[in-house]
Amino acid sequence: MAQHGGPQQRIFSPIRTALHRFAFILLIVSCFALMLLGKADTVLIERIRGAAVDLVSPFMNLASRPAASIDDVTTRIESFASLYEENLRLREQNRELLAWQQVARNLTYENSRLRELSHYANPPSQHEVSARVIADMGGAFAHSMMISAGTRDGVLKGQAVLSDEGLIGRIADAGYQASRVLLITDINSRIPVMIENSRDRAFLSGDNTDRPLLTFLTADATVAPGDRVLTSGHGGAFPPGIPVGIVSSVSENAVRVAPLFRRHQVEYLRVVNYGLAGILKDPDALHSMPHLDQGTSGHAASLPTGVGVGPASDEPAMPEPPTFSPSPSGTPGARP
Amino acid sequence: MKPGVWQRLDVIARSTVPAFSVFVLLLIGLLPYSIPKLADVTPALTLMAVFYWSVNRPDLLTGLAAFMLGLIQDLLTGLPLGVSSLVFLLVQSVSANQGRFFHNKAFTVMWWGFTIVSLPAFLLQWLFSSALTGALLPFQPLVISYLITAGMFPLVAWILVRIQNGLLRNL
């Protein structure tokens, strides 16, 4: 500390003020330099972001557990309130689903028979990693989440991330043990999609609201609220047929889609590597996917791609139905 | 009397408390809460702490610390780099210069001060984020987020007052 009022004070005080001012200006300039650097989207920035996610992930991993138990309490209270209605709804849904299960069994059998007949080459198997959501980077400016799986588990940038209901986003930065998921609602997210019934192609563009927009929809496209939206598989980032959302509103200048996931209830996510090169321009990134050749490793489910979301990996593959019903459409009233 | 090694280490550890508290608030803000709609309008906990420490202990939360904390926030949340750094740096500099005004005044004065300082901070963040993403970001969550942030300030400030009185009284 300089002595107050001494001759040293008179000399050093202006110098210190000048240094202070210089440091402030230097930091402001650094901010703008960072903005430019970040805009250039270099591999370096990506690595640093991955490392930052890695650094805090042990803490977030621990700290998010109590948060998850709070979640448990709120869901319990919520479900108690609507127990009766929920039960009725689920019974109804169960009846419908049993009918659909019958249809699916018949179709699976028929499909495998047809594949045998036409010597159909199975697409490469997909590789799944399940991960817990350890952070939700909410806010008005970005929509992303942090999950507890990284390159250690075979997670790489660009891979599709699914919730139980459907597509939730893609991996934006992959650290060693944790990664950041860019949600489909984020303003930087663009997903090639199609309308399920009309097969019209479009882009699902996030705009930081919870209802992303359908853009580049052709003028003669027929879209109505309630239509399901699936990935179209264009661009080679995701395979076709993954459910993404439901058209929620159609107006003159905007078609909005309600995503299938409920952000505050997402606890576990699946990162799926379909082995598609897609947005990964870097050839090295493709070579670093060893699990694609090794078939079924620990948690790899051997499902053909192109069928959308397969059953959860811990479930055994659907057994071949013992009897084959000749009507492929299936009878809705039938019970297995 | 010269302070011993442990004493000096203790002083150093205590002097990092303000910056560390901002970091902890950042992580708390990132936790996945399962409250519907909260994710869109999370309060800016870090901004409150940066303001609080800049007013009360500008010597412990310097411009450099504000810059680094902003950088960490941008890296972790996936925001465009440099925006939070700039906002924190400006908030730190303004609050530190005007800090004396709040001393020995009622808490409501500081609360008002925060609502006044955080308004341009939010707008600046919105402006730069929009410019760097190349599209106008929705304004409504920003307004709600600002209101929640302003409303929650006393709670966070109360905790920070406890920390300041408990750990930094003799520093």
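Let's start with one pair of residues. A:Met145 stands opposite A:Val181, which sits in strand 5 of chain A. Keep in mind that this is a predicted model.

Strand 2 of chain A, residues 144-147, pairs with strand 5 of chain A. The sense is antiparallel, and there are 4 bridges.

Strand 5 has another partner. Strand 4 of chain A, residues 167-174, is joined to strand 5 of chain A by 5 bridges. These two also run antiparallel. One pair to look at: A:Arg170 has A:Leu182 of strand 5 as its bridge partner. How many residues does the hairpin between strand 4 and strand 5 of chain A run through? It runs through 4 residues.

Now, is strand 5 of chain A enclosed or open? Of its 5 residues, 5 are buried, so strand 5 of chain A is largely enclosed by the rest of the structure. Look at the side chains. A:Ser179, A:Val181 and A:Leu183 point one way. A:Arg180 and A:Leu182 point the other way. All of these are buried, the arginine A:Arg180 included.

Stay in this region for A:Ala172. This residue lies in strand 4 of chain A. Buried or exposed? A:Ala172 has 24 C-beta neighbours inside 10 Å, and the cut-off for buried is 20 or more, so A:Ala172 counts as buried. In sequence, A:Ala172 and A:Leu182 are 10 residues apart. In space, their C-alpha atoms are 5.6 Å apart.

Take strand 6 (residues 190-195) and strand 9 (residues 228-231) of chain A: 3 bridges join them, antiparallel. Within strand 9, A:Thr231 is the residue opposite A:Val193.

Over to chain B. Helix 6, residues 107-133, packs on helix 7, residues 140-167. The angle is about 150°, and the axes are 10 Å apart. Over 145 degrees counts as roughly antiparallel, so that is what helix 6 and helix 7 of chain B are to each other. Their crossing is right-handed. Helix 6 of chain B contributes residues including B:Trp111, B:Phe114, B:Phe122 and B:Trp126. From helix 7 of chain B come, among them, B:Leu142, B:Tyr146 and B:Phe153. The class count for this contact is 10 nonpolar, 3 polar and no charged residues.

Last stop, B:Asp59. You'll find it in the loop between helix 3 (45-56) and helix 4 (63-77) of chain B. Why does B:Asp59 count as exposed? B:Asp59 has 11 C-beta neighbours inside 10 Å, and 12 or fewer means exposed. B:Asp59 and B:Gly4 are 55 residues apart along the chain, with their C-alpha atoms separated by 22 Å.

Technical notes: Residues are numbered from 1 along each chain as its sequence is written. Chains are lettered from A and ligands numbered from 1 in the order in which they are written. This is a predicted model: local features need pLDDT of at least 70, side-chain atom pairs count only at pLDDT 80 or more; totals for chains, interfaces and linings use all residues. Two strands pair if DSSP finds at least two bridges between them. Axes are lines fitted to C-alpha atoms, for helices over the stretch in contact, and angles run from 0 to 180 degrees between N-to-C directions. Angles under 35 degrees count as roughly parallel, over 145 as roughly antiparallel, 65 to 115 as roughly perpendicular and the rest as oblique. A crossing is left-handed if the near helix is turned anticlockwise from the far one by less than a right angle, and right-handed if clockwise. Two residues are in contact if their C-beta atoms, placed from the backbone, lie within 7 Å. Ala, Val, Leu, Ile, Met, Phe, Trp, Tyr, Cys and Pro count as nonpolar, Asp, Glu, Lys and Arg as charged, and the others, Gly among them, as polar.
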